[in-house]
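Me: I'd like to go through this one label by label and ask what stands behind each. Ready when you are.

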Amino acid sequence: MALVLLALLLSLAVVTAEDVFIGVNIGTALSDMPHPTQVVALLKSQHIRQVRLYDADRGLMLALANTGIQVAISVPNDQLLGIGQSNSTAANWVSQNIVAHYPATNITTICVGSEVLSSLPNAVPILMNALKFIHSALVASNLDDQIKVSTPLSSSIILDSFPPSQAFFNHSLNSVLVPMFKFLQSTNSHLMLNIYPYYDYMNSNGVIPLDYALFESISSNKEAVDANTLLHYTNVFDAMVDAAYFAMADLNFTNIPVMVTETGWPSKGDANEPDATLENANTYNSNLIKHVLAKTGTPKHPGTPISTYIYELYNEDLKPGSTSEKNWGLFDENGKPIYILHLTEAGSVLANDTTNQTYCTARDGADKQMLQAALDWACGPGKVDCSYLLQGQPCYEPDNVIAHATYAFNAYYQQMNKAPGSCDFKGVAEVTTTNPSHGNCTYEATGSLMNGTFANATAPAMNSMSSNSPPVSFIDGSRFSMIGIFFWTVMFLQAARSA
């Protein structure tokens, strides 16, 4: 995707195109929450360099130390009243949660509460005090230049959001918003906004097309046009960001940049949520990442970056509410991707992409006879060097069809340069970003195997090995199944003809 870098508006000169990033939110409402070191290992493997925490969890803060990962931490809503009523309480919070960890942990932002104006009315009167008290504590510690302070707002407080030029904030909140915007302006901080096109689409009664919500390509005659500005909108996300800019302008603030602190799409829902699907979640988040990293900005502010945090890293099975509430994650608790993002043009961020660090493994629950037939094909006509599965070799243990098939599937997948269809094996294999390495059997995702290197299928096929390479017995003394080899050869030949 060509990067469109237009000149930034002077009123937003505090933001540069190089600042743009895609981060992830990390919720912890899991019945089996991974250990902080596992969380950080996943972040590293996915090249995720920015995260937002919903608290200041000490274990995660320590695990994130010396990683370089930029961290936004939060004052939870249940601590907001105490901090907003006491400068000393705010100072203690900063001392315990910021000063104790910085700079080893690369804290860049403090989110004071979350969606307070729309969900916590009793804390609205003290929100500005909480922002100021936290900032004052940073000033006292000489950290105010390095760490910014803001509060995430729900896009629901923006009224009449389309066309964007007519948008305005709920006027009943102006007594809080005006001093807040003055604070953000004076401290060079962002307006933090949570944007959920999924809910906008669901609540539109069919007015918003699904493709428009998902960043999918639409014809020019279907683009939404703001009659006041003649700006054309091709997706809900950009329209909501521009609605925020216009709503701030309505209050005479034109130089505060927007950061999206939450957005995403659920991969599963209840019967009344038919569009909460794996396909739609994949489409939304894949298109979102490419859109943000292309630095195209919005129709109102082309070229102005909109850094964004995806909601969220893990599915949270303990979240209350509908099925969709539990299924916004990119990964399950084991670090297995819920779906493989399509990011061929988005660089290395979030490498659960079939062009980056991906592996081919045996599918959970696959029929073992089918796995055996696929294994036989891979080690025969597929020309995978399966000698590393011999007894005494690095990948012999565990001696079962699932582990051996995973080795052979991944070897074939890598030697085929991860070509489409090379990790299917009639449905018994799947692509994953979870490294299947174990013990001394260490896998790479680049066409090679550590501790026994294969390089793009240069080893001889198993049925033509030299006399010093004995035939391999893989499962319980069984030999290659010639019927299985014939079956898979026919299947691949048919696939090749139909391709």
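**Labels and the numbers behind them**

Reply: Before the labels, some scale: this is a predicted model, and 71% of the contacts in the chain with a separation of 6 or more are between residues 24 or more positions apart. The chain has 14 helices and 15 strands, and 53% of its 499 residues are buried.

Me: What makes the pair of Phe 215 and Tyr 284 tilted?

Reply: The search of the whole structure turns up 21 aromatic pairs. In this one the ring centres are 5.3 Å apart and the planes meet at 45°. The centres fall within the 6.5 Å limit, and the angle is neither under 30 degrees (stacked) nor over 60 (edge-to-face), so the pair is tilted. Phe 215 is in the loop between α9 (210-213) and β10 (224-225), and Tyr 284 is in helix α11 (residues 278-293), so the pair links distant parts of the chain, 69 residues apart.

Me: How do you know that Tyr 284 is buried?

Reply: Its relative accessible area is 0%, and the cut-off is under 20%, so Tyr 284 counts as buried. Phe 215, at 12% relative accessibility, is buried too. Both rings belong to one aromatic cluster, which includes Trp 265, Tyr 311 and Trp 328.

Me: Why is the pair of Tyr 388 and Tyr 407 called edge-to-face?

Reply: Their planes are at 65°, and the label needs over 60. The centres, 6.3 Å apart, lie within 6.5 Å, so these rings pair edge-to-face. Tyr 388 lies in the loop between α12 (368-379) and α13 (401-415), with Tyr 407 in helix α13, so parts 19 residues apart in sequence are tied together.

Me: What makes the contact between the side chain of Asn 315 and the backbone nitrogen of Gly 329 a polar contact?

Reply: A polar atom of the Asn 315 side chain lies 2.7 Å from that nitrogen, and the limit is within 3.5 Å. The backbone nitrogen of Trp 328, at 3.3 Å from a polar atom of the Asn 315 side chain, qualifies too. Asn 315 itself is in the loop between β13 (308-310) and β14 (359-362), and with a relative accessible area of 14% it is buried.

Me: How do you know that Cys 360 and Cys 423 form a disulfide?

Reply: Their S to S distance is 2.0 Å, and a disulfide calls for sulfur atoms within 2.5 Å. Cys 360 lies in strand β14 and Cys 423 in the loop between α13 and β15 (429-432), so the bond ties together parts 63 residues apart in sequence. The structure holds three disulfides, in the pattern 1-5, 2-3, 4-6.

Me: Why is the disulfide of Cys 379 and Cys 386 left-handed?

Reply: The torsion about its S-S bond is about -80°, so it is left-handed. The link of Cys 395 and Cys 441, with 90° about the S-S bond, is right-handed.

Conventions: Residues are numbered from 1 along each chain as its sequence is written. This is a predicted model: local features need pLDDT of at least 70, side-chain atom pairs count only at pLDDT 80 or more; totals for chains, interfaces and linings use all residues. Side-chain values use heavy atoms; hydrogens and water are left out. Helices (H or I, at least four residues) and strands (E, at least two) are DSSP runs, numbered from the N terminus. Buried means under 20% relative accessible area, exposed over 50%, partly exposed in between (1.4 Å probe, protein chains only). Contact means heavy atoms within 4.5 Å. Rings of Phe, Tyr and Trp (its six-membered ring) pair if their centres lie within 6.5 Å; planes under 30 degrees apart count as stacked, over 60 as edge-to-face and the rest as tilted. A polar contact is a pair of N or O atoms within 3.5 Å; within protein, one must be able to donate a hydrogen and the other to accept it, and residues adjacent in sequence count only if both atoms are side-chain atoms.
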